[in-house]
Amino acid sequence: MSNGDKFDWNNATHKSNPYVNREARFYATLLYDGAQWRIRPIDVQPLDPVGIIQTGFYEQEDGTWAGGLDTRSSPIEDWNGTGSGYYRKKALDPAYDGQYQVQESPWRFIRYAEILLSYAEACQELGEDDEAKTYLNMIRKRVGLPGIESSGDKLREDIRHERRIELAFEDQRYLDIRRWMIAPKVIVDAEGIDIRYYKGNENPVYSTVKAQTREWKDQSYFLPIKLDEMNRNELLIQNPLY
């Protein structure tokens with residue numbers, strides 16, 4: 001949340017309007033139901049003239065439900081609709097029509113925020129909590145969040161959480177959970193959002209649903225040594241679980 005609190009679906013205020021008062025990176029990273037995006041193609045503009053993301057479902061006169069334009073029940077294209085209720089916004093340029101144009105932008109393999117996060121993590125692991133918080137809070141200050149004041153194991157978790165949020169969709173998370181050896185704890189079934197606009201009610205009702213079944217196998221902590229290499233050198237020992 002914008003005040004630094006953790007969003008909670010069990011909080012009635014949060015659940016009633018989950019896209020209000022979120023932190024700045026939420027709005028910069030995700031497209032959600034009701035978010036402004038690019039103008040629709042000409043043939044779709046009669047259904048949505050201003051370009052609003054529609055991942056909810058609308059109750060009809062006969063009690064059935066019609067999917068919004070960006071769901072897997074979309075009246076225009078359903079084969080590539082979201083299964084979670086969200087789309088990625090980060091690093092996308094709305095000036096490009098993603099269906100017909102290729103966006104050509106440099107991909108940053110490392111940026112300054114990652115340097116600060118890595119330094120903060122290293123400091124915390126060395127027991128230099130004050131130094132770690134100084135550089136961690138540089139990132140939080142940038143997006144208007146209050147500073148972290150924790151220490152020890154809690155600070156470690158705060159740094160890891162900050163890294164997850166700041167570097168979302170930058171090909172870091174999978175590598176992070178492997179080097180931290182926490183994959184079995186965090187690779188869990190993914191949840192999505194189900195949004196229902198009941199007839200006569202302006203405000204939708206939100207609930208969470210399972211969007212994807214996920215499984216972790218410990219062998220994924222390592223890569224296998226190729227058989228050709230094993231055959232060349234009988235002293236090589238294959239990595240665990242392969």
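Seven bridges connect strand β5 to strand β6 (residues 205-212), and the two run antiparallel. The structure described here is a predicted model. Strand β5 itself spans residues 190-197 and is mostly covered, six of its eight residues being buried.

The loop between α7 (183-186) and β5 contains Ile187. This residue is partly exposed, because its relative accessible area is 24%, and a residue counts as buried under 20% and as exposed over 50%. When neighbours within four places in sequence are set aside, Ile187 is in contact with Ile177, Arg214, Glu215 and Trp216. Gln103, by comparison, is 84 residues from Ile187 along the chain, and the C-alpha atoms of the two are separated by 31 Å.

Helix α4 comprises 14 residues (129-142) and extends 20 Å from its first C-alpha to its last, close to the 20 Å expected at 1.5 Å a residue. Its buried residues are Asp129, Ala132, Lys133, Leu136, Asn137, Ile139 and Arg140. After α4 comes Gly144, which has a positive phi near 80°.

Methods
Residues numbered from 1 in each chain as written. Predicted model: local features only at pLDDT ≥ 70, side-chain atom pairs only at ≥ 80, totals over all residues. Heavy atoms only, no water. Buried < 20%, exposed > 50% of the residue type's maximum accessible area, 1.4 Å probe, protein only. Helix = DSSP H or I, 4+ residues; strand = E, 2+ residues; numbered from the N terminus. Pairing = 2+ DSSP bridges. Contact = heavy atoms within 4.5 Å. Expected span 1.5 Å × (residues − 1).
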